[in-house]
Amino acid sequence: LLYDEAYLEDREEEGWRLLNEKAYGAAYKVYDEIVKRDPERLSSRYYRIYSLFYSNKMNREKYDDIVKEIEYLRGKGMEEESFKEIEKFIERERGIGDEGR
């Protein structure tokens, strides 16, 4: 367990470095690995959806997953300003998609 904790902390540092470099796709992979090993790491869950969203904002197939994860994190007491920004963007994009029908 101690080994896992040290390993996960190192991976979180790597994920953070990648986010700062705006390498969102690579950051998503790192955070996804962390969350699979420890789903209770809320900050990693947050950065996972953040990096997923910013790696390709126009990927409508991921919108439901992102919104569900935001709801989960809010239920756990987490509130980030970026939640609102992401939700507004998704809502706007869904509205644009619905106009074309």
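This is a predicted model: local features need pLDDT of at least 70, side-chain atom pairs count only at pLDDT 80 or more; totals for chains, interfaces and linings use all residues.
Helices (H or I, at least four residues) and strands (E, at least two) are DSSP runs, numbered from the N terminus. Within α4, Tyr63, Ile66, Val67, Glu69, Ile70 and Leu73 are buried, where buried denotes under 20% relative accessible area, exposed over 50%, and partly exposed in between (1.4 Å probe, protein chains only). Viewed down the helix axis, the buried residues of α4 fall within an arc of 160°, so they line one face of the helix; the arc is that of the directions from the axis to the C-beta atoms. Lys68, Glu71 and Gly75, on the other side of α4, are exposed. Glycine 77, with a positive phi near 95°, follows α4.

The chain as a whole contains 5 helices and 0 strands. Its C-alpha trace spans about 55 × 30 × 20 Å along the principal axes, and 34% of the 101 residues count as buried. Of the contacts (heavy atoms within 4.5 Å) between residues at least 6 apart in sequence, 57% join residues at least 24 apart. Residues are numbered from 1 along each chain as its sequence is written. Local features need pLDDT of at least 70 and side-chain atom pairs count only at pLDDT 80 or more, whereas totals for chains, interfaces and linings use all residues; side-chain values use heavy atoms, with hydrogens and water left out.

In soluble globular proteins, nonpolar side chains tend to be buried together. A nonpolar core is defined here as a set of buried Ala, Val, Leu, Ile, Met, Phe, Trp, Tyr and Cys residues joined through side-chain atoms within 4.5 Å. The largest such core has 14 residues, and those with the most contacts inside it are Phe53, Ile66, Ile70, Leu73, Phe83, Ile86 and Ile90. Helices α3 (42–55), α4 (63–75) and α5 (81–99) each supply at least two residues of this core, with α4 giving the most, 5 residues. Apart from neighbours within four places in sequence, isoleucine 66 contacts Ile49, Leu52, Phe53, Ile86 and Ile90. A second, separate core of 8 residues includes Leu8, Tyr24, Tyr31 and Ile34.

Arginine 48 is located in helix α3 and is buried, with a relative accessible area of 15%. Not counting residues up to four places away in sequence, arginine 48 touches Tyr28, Tyr31, Asp32, Val35 and Glu69.

Aromatic pairs were also examined. Rings of Phe, Tyr and Trp (its six-membered ring) pair if their centres lie within 6.5 Å; planes under 30 degrees apart count as stacked, over 60 as edge-to-face and the rest as tilted. The whole structure holds 10 aromatic pairs. The rings of tyrosine 24 and tyrosine 54 have centres 5.8 Å apart and planes at 40°, so the pair is tilted. This pair links distant parts of the chain, tyrosine 24 lying in helix α2 (residues 24–37) and tyrosine 54 in helix α3, 30 residues apart. Tyrosine 50 and tyrosine 54 also form a tilted pair, 4.6 Å centre to centre with 45° between the planes. Tyrosine 24, at 16% relative accessibility, counts as buried, whereas tyrosine 50 is partly exposed at 22%.
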